[in-house]
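Hi everyone, thanks for coming. I'd like to walk you through one structure today, so please have the sequence and the model open as we go.

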Amino acid sequence: MRLGVEAALVEGRLVPGDVAVDDGRVTAVGLGGAGRGIAAPGFIDLQVNGFAGVDFLGADAAGYATAGEALVETGVTAYLPTLITSAEAELVAALEAVPDSAPGARILGAHLEGPFLAATRLGTHRMAARRDPDPALMERLLAAGPVTLVTLAPELPGALELIDLLHARGITVSLGHTDATAVEAHAAFDRGVRTVTHVFNAMRPMLHRDPGVVGAALVRPEVVVQAIVDGIHLDPDVVRLLWRVAAGRMSLVTDAIAGAGLGDGTYALGEIEIVVSDDVVRREDGVLAGSALTMVEAVRNLVAMGAPLEQALEAASTVPARILGLPQHGRLAPGGPADVVVLDDSLEVVRTLVGEEARVPG
Ligand code: ZN
């Protein structure tokens, strides 16, 4: 099958010509013939709390199907359902419910955001369920379901040992919801941590004599920063500054909540009630509680803030795949999986392919 596109993003470069896919794989790029739009690697979202009315803390198989199908319509071909800090029983039940596969976007395992977070940087996470690093609890959570990514605060007692435990299991660790100083952050990076969850948000702010985890991450070229580029979580000038320092190692994430893709209303984030109003998501007391952002909107926002299209598309695909150490994902290349998003000139999703399955936005 030909995709009928004008060009494709291959290894960071727009290659003119059409793309052929067969049997769930890309078979050729740069083919002759007139086409429209561009094909890019499907988006990979590392932080999705919920989508299309589904909150992953309470989702069943039908919920995963609903969310997975709706995510595909926004260009996402793989994602990490993300579980925020919650009581152990609730997390275990949610992890047990994470399917290996579901209709729509691929599930690459869960992102556990907590519970080992800094009490002073919880944002919307619940204090009652927050814990200091506890290897036995971690083991019970890992036994409950597929965990791919864990966000933790490295300054907590026992955090570095927990990082070692997770790395030994092949699980990616990200620093977040943290009050770490730069020294404490560097200690975690020296231990092999290579990424930071929603940079600037829910962490010690960067000051000129106290650069914190933000400053430590930005001066280390091997560290990838994840960013919520919705125009709300980060001022556009902060995004431009990040881009100047960290283009090529900045990953877009949405931090989407159940209301994403649905518009204004009241939704659940675990046990917390949140309100979406004009695309801004807040808890009752006004604290930001995730976003109603989609990945394709994040790409458009990043381009509008000055990033080159090719690199903005990679920030939504290749870079997040690199964070997870999944080199076969986030690329569009002959022989690779046909996880592809086709975008028109306005960067609207025309079609998304997840392997064999093609989807057109409804
Ligand atoms: Zn968070």
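**Salt bridges, a zinc site and a cavity**

Let me start with Arg240, which counts as partly exposed because its relative accessibility is 36%. Before going further, please keep in mind that this is a predicted model. The partner of Arg240 is Asp237, and their closest N and O atoms sit 2.8 Å apart in a salt bridge. Both residues belong to helix H7, residues 236-246, and they are 3 residues apart, about one turn of the helix. Asp237 itself is exposed, at 53% relative accessible area.

Glu11 is exposed, with a relative accessible area of 53%, and Arg331 is partly exposed at 36%.

Another one joins Glu348 to Arg300, where the closest N and O atoms are 3.7 Å apart. Here too distant parts of the chain are linked, with Glu348 in the loop between E21 and strand E22 (349-354) and Arg300 in helix H8 (residues 295-304), 48 residues apart. Glu348 is partly exposed at 41%, and Arg300 is partly exposed at 24%. There is also a network: Arg121, Asp179, Arg204 and Asp210 are joined by salt bridges that share partners.

Now for the metal. Which residues coordinate the zinc ion? They are Glu113 through OE, and His177 and His198 through NE2, at 2.0 to 2.2 Å. Along the chain, these donors follow the spacing E-x63-H-x20-H. The two histidines are 21 residues apart, His177 in the loop between strand E13 (172-175) and helix H5 (182-190), and His198 in the loop between strand E14 (195-196) and helix H6 (212-218). Are they buried or exposed? His177 counts as buried because its relative accessibility is 4%, and His198 is buried at 4% as well.

Searching the whole structure turns up 1 cavity of 30 Å³ or more, and the volume of the largest cavity is about 50 Å³. Its lining includes Gly42, Ile44, Gln328, His329 and Arg331, and the lining residues divide into 3 nonpolar, 5 polar and 2 charged.

Conventions
Residues numbered from 1 in each chain as written. Predicted model: local features only at pLDDT ≥ 70, side-chain atom pairs only at ≥ 80, totals over all residues. Heavy atoms only, no water. Donors = N, O, S within 2.8 Å, 3.2 Å for Na, K, Ca; no water. Helix = DSSP H or I, 4+ residues; strand = E, 2+ residues; numbered from the N terminus. Buried < 20%, exposed > 50% of the residue type's maximum accessible area, 1.4 Å probe, protein only. 1 Å grid on protein atoms, 1.4 Å probe; cavity = no way out; pocket = protein on both sides within 12 Å on 5 of 7 lines; lining within 4 Å. Points joined across faces, edges and corners; volume = space filled by probe spheres on them. Nonpolar A, V, L, I, M, F, W, Y, C, P; charged D, E, K, R; others polar. Salt bridge = Lys/Arg side-chain N within 4 Å of Asp/Glu carboxyl O.
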